[in-house]
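I opened a new structure today and kept notes as I went. Here is the view I worked from.

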Amino acid sequence: MNRFKKWAEHEYSKKQRMIAVVFGGVVFWVTFPFFIVGASSYIDPWVHLPKLYYRLMNPVIGSLFIVIGWLFANWTVRIQFSLGRGTPIPLMATQKLVIKGPYTYCRNPMTLGTAIFYLGVAIWLGSFSAVGLGLVYPVGILIYIKLIEEKKLVERFGSEYLEYKKSTPFLIPHLRKKN
């Protein structure tokens, strides 16, 4: 845990952070969705899952979820990069506690955004297995956040984080901003 703390406390250059953000973008917005599409096309027929396809509804609703999820998650990344001087990658963690922008609605807006995005991919495909595959990352990261990251945030930011944690929901957002 000390090694992670050391990495998290190190402030990386803007160029290093940008490279990490671009790499993360390729993994989460391109590679993982292609994996969902490819794997679900094999899993659905293999286990005889029915399609949930309703003509134009799937691409319309799926696109809406994809755009909303992508915008929300990327808003989070921009705020982490600019205000927090870090990235979503734990090894290049924010240097400041970020509680503005999407963080006023919930403590894990990037995870919420990616979950909505991957759900949009699954809706577009009309695939039950794609829903399951799309939940792999969000569920995994939420477990990591609960078991490891929240403890590190308390260590790093102390009472400031504890106060924020008390007043802001974990994942399901406030529909209005705090006063």
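My entries below cover the helix packing, the salt bridges and a surface patch.

**Ground rules.** I am working with a predicted model, where local features need pLDDT of at least 70, side-chain atom pairs count only at pLDDT 80 or more, and totals for chains, interfaces and linings use all residues. Residues are numbered from 1 along each chain as its sequence is written, and side-chain values use heavy atoms, with hydrogens and water left out.

**Helix packing.** I looked up H2 (14–46) and H3 (57–82). Helices here are DSSP runs (H or I, at least four residues), numbered from the N terminus. H2 and H3 pack at about 165°, and their axes lie 12 Å apart. H2 is therefore roughly antiparallel to H3, a label for angles over 145 degrees. I took the axes as lines fitted to C-alpha atoms over the stretch in contact, with angles from 0 to 180 degrees between N-to-C directions. The crossing of H2 and H3 is right-handed, meaning that the near helix is turned clockwise from the far one by less than a right angle.

**Salt bridges.** How many salt bridges does a search of the whole structure find? I got six. The criterion is a side-chain nitrogen of Lys or Arg within 4 Å of a carboxyl oxygen of Asp or Glu.

Asp44 pairs with Lys51, with the closest N and O atoms 3.8 Å apart. I checked burial next (buried is under 20% relative accessible area, exposed over 50%, partly exposed in between, with a 1.4 Å probe and protein chains only). Asp44 counts as buried because its relative accessibility is 3%. Lys51 counts as exposed at 53%.

Arg107 bridges to Glu150 at 2.8 Å between the closest N and O atoms. This pair links distant parts of the chain, 43 residues apart: Arg107 sits in the loop between H3 and H4 (109–125), Glu150 in H5 (128–167). Arg107 and Glu150 are both buried. I also found Arg107, Lys146, Glu150 and Lys165 linked in a network of salt bridges.

Glu163 meets Lys166 at 3.7 Å, N to O. They are three residues apart in H5, so about one helical turn separates them. Glu163 is partly exposed at 47%. Lys166 is exposed at 67%.

**Surface patch.** Which residues form a nonpolar patch on the surface? I listed Trp46, Val47, Leu49, Leu52, Tyr54, Met57 and Phe128, with about 740 Å² of accessible area together. Patch members have over 30% relative accessible area and no salt bridge, and nonpolar side chains are joined within 5 Å. Tyr54 lies in the loop between H2 and H3. Tyr54 counts as exposed because its relative accessibility is 55%.

Technical notes:
Patches are made of residues with over 30% relative accessible area and no salt bridge: like charges are joined within 9 Å, nonpolar side chains (Val, Leu, Ile, Met, Phe, Trp, Tyr) within 5 Å. Accessible areas come from the Shrake-Rupley method with a 1.4 Å probe; for residues, only the protein chains shown count as cover. Helices (H or I, at least four residues) and strands (E, at least two) are DSSP runs, numbered from the N terminus. Angles under 35 degrees count as roughly parallel, over 145 as roughly antiparallel, 65 to 115 as roughly perpendicular and the rest as oblique.
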